[in-house]
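Biologist: Could you give me a close look at one part, the aromatic rings, and then walk me out from there to whatever surrounds them?

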Amino acid sequence: MSWDGYITSLMAATDGVSHVSGAAICGQDGSTWAASDNMKCITAEEVKKLIGDTSTFHQSGPVVAGMKCMMIRDQYEDPSSYCLQLKSRKDAEGNTFNICVGKTTTAVVIAKGTKEANGGQVTAKVYTIVSYLRGAGY
């Protein structure tokens, strides 16, 4: 199965506007199955932490592709989302990014929003892929 098509789908424009600037699909073992160029730096340790115990994320948020984040909402167990919503700390230019992590039985779908995108827009893109993969047995 080629996972690159899912990255393309996540980053595709919706109504002429792209809401996702980077994406990765990883196995729950931390292996990267596919990633956009700006998300290839995600590590196995980061992925494993993202799918582990999220209760500590309120005090000490996770790191995603080298970006320190804070947790906004944990909806991993909510069938209407299956996602963890994060917000990055400010980068060197003062920009923050919404990041959504969706979890299936075997995979983790991660999307970094554009600086203009809101969390709901990024989560909607991730949920579409996560829902499909869950239905396909992944």
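Modeller: Let's start with charges: one sits over a ring if NZ of Lys or CZ of Arg is within 6 Å of the ring centre and within 35 degrees of the ring normal. Arginine 134 does that to tyrosine 82, with its charged end 3.5 Å from the ring centre. Lysine 103 does likewise over tyrosine 76, at 4.5 Å from the centre.

Keep in mind that this is a predicted model, where local features need pLDDT of at least 70, side-chain atom pairs need 80 or more, and totals for chains, interfaces and linings use all residues. Numbering runs from 1 along each chain as its sequence is written, and side-chain values use heavy atoms, leaving out hydrogens and water.

Now ring against ring. There are four aromatic pairs (Phe, Tyr or Trp rings, the six-membered one for Trp, with centres within 6.5 Å; planes under 30 degrees apart are stacked, over 60 edge-to-face, the rest tilted). Tryptophan 3 and tyrosine 6 have ring centres 5.4 Å apart and planes at 35 degrees, so they make a tilted pair. Both of these residues are buried (under 20% relative accessible area with a 1.4 Å probe, protein chains only; over 50% is exposed, in between partly exposed). Tyrosine 6 comes in at 12% relative accessibility.

Tyrosine 6 also pairs with tyrosine 132, again tilted, at 6.2 Å between centres and 35 degrees between planes. Because tyrosine 6 is in helix H1 and tyrosine 132 in helix H3, that pair ties together parts 126 residues apart in sequence (helices are DSSP runs of H or I, at least four residues, and strands are E runs of at least two, numbered from the N terminus). Step back and you get one aromatic cluster made of Trp3, Tyr6, Trp33, Tyr132 and Tyr138.
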